[in-house]
Amino acid sequence: CRLSFKLSYYNEYKSYLRLLVMASEADTKKLQIQLARYFLFADKKNIPIKRQDIVKNVLKDQSKLLPKVLEGARQFLLDSFNFTIEEIDHNKNKCYMLRNNLDKSEVQALTTPAHQIPQVWP
């Protein structure tokens, strides 16, 4: 009788963990996109992004998900914007920076207007 109680408790616990894993997949995807957004906004300052800042501002109490979330953000930024996340050592701390993979000619082609805009004011 006691053994069956333990087995049923164990089976309920296993199904609960399975639900947590399924829910965490959606949360992980959300965190990946939030981290990619954080990288894009932080890149404007041109300072390295510390690991501690990522945990503090994006992951909060889910710091153990950092490798999985970082890999997903890397893939998202590469696919969407052709940016890569570079890991650097800054003052003996692991930091990250975005790097643009576009050639200078591609950037110039994207930023140069295709035709001249007529001048309205003299």
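This is a short tour of the structure above, one selection at a time.

The model is predicted, so local features here need pLDDT of at least 70 and side-chain atom pairs count only at pLDDT 80 or more, while totals for chains, interfaces and linings use all residues. Residues are numbered from 1 along each chain as its sequence is written, and side-chain values use heavy atoms, with hydrogens and water left out.

**Stop 1: the whole chain**

Show the chain as a cartoon and you will find four helices and three strands. Helices (H or I, at least four residues) and strands (E, at least two) are DSSP runs, numbered from the N terminus. Followed from the N terminus, the elements run α-β-α-α-β-β-α. Of the 122 residues, 19% are buried. Here buried means under 20% relative accessible area, exposed over 50%, and partly exposed in between (1.4 Å probe, protein chains only).

**Stop 2: the core**

Now select Leu35, Phe39, Ile54, Leu59, Leu77 and Ile85, the residues with the most contacts inside the largest nonpolar core, which has 18 residues. A nonpolar core is a set of buried Ala, Val, Leu, Ile, Met, Phe, Trp, Tyr and Cys residues joined through side-chain atoms within 4.5 Å. H1, H2, H3, strand S2 (83-90) and S3 each supply at least two residues of this core. In soluble globular proteins, nonpolar side chains tend to be buried together.

Which residues does Phe39 touch, leaving aside its neighbours within four places in sequence? Phe39 is in contact (heavy atoms within 4.5 Å) with Ile49, Ile54, Leu70, Leu77, Ile85, Tyr96 and Leu98.

**Stop 3: the aromatic rings**

The structure holds three aromatic pairs. Rings of Phe, Tyr and Trp (its six-membered ring) pair if their centres lie within 6.5 Å; planes under 30 degrees apart count as stacked, over 60 as edge-to-face and the rest as tilted. Start with Phe39 and Tyr96: their ring centres are 6.4 Å apart and their planes at 85 degrees, so this pair is edge-to-face. The pair links distant parts of the chain, with Phe39 in helix H1 and Tyr96 in strand S3 (residues 93-100), 57 residues apart. Both Phe39 and Tyr96 are buried.

Next, pick Phe81 and Phe83. With centres 6.3 Å apart and planes at 25 degrees, their rings are stacked. Phe81 is partly exposed at 40% relative accessibility, whereas Phe83 is buried at 16%.

**Stop 4: the salt bridges**

There are three salt bridges to visit, each a side-chain nitrogen of Lys or Arg within 4 Å of a carboxyl oxygen of Asp or Glu.

- Glu71 and Arg74 meet at 3.9 Å, N to O; being three residues apart in helix H3, they are separated by about one helical turn.
- Arg99 pairs with Glu86, their closest N and O atoms being 3.1 Å apart; Arg99 is in strand S3 and Glu86 in strand S2.
- Lys94 pairs with Glu87, with 3.6 Å between the closest N and O atoms.

**Stop 5: two loop residues**

Finish at Asn46, in the loop between helix H1 (2-43) and strand S1 (49-50). Its phi is near 55 degrees, a positive value in a residue other than glycine, and Asn46 is exposed at 58%. Then select Lys60, between helix H2 (51-59) and helix H3 (66-81). Phi of Lys60 is also positive, near 55 degrees, and Lys60 is exposed at 54%.
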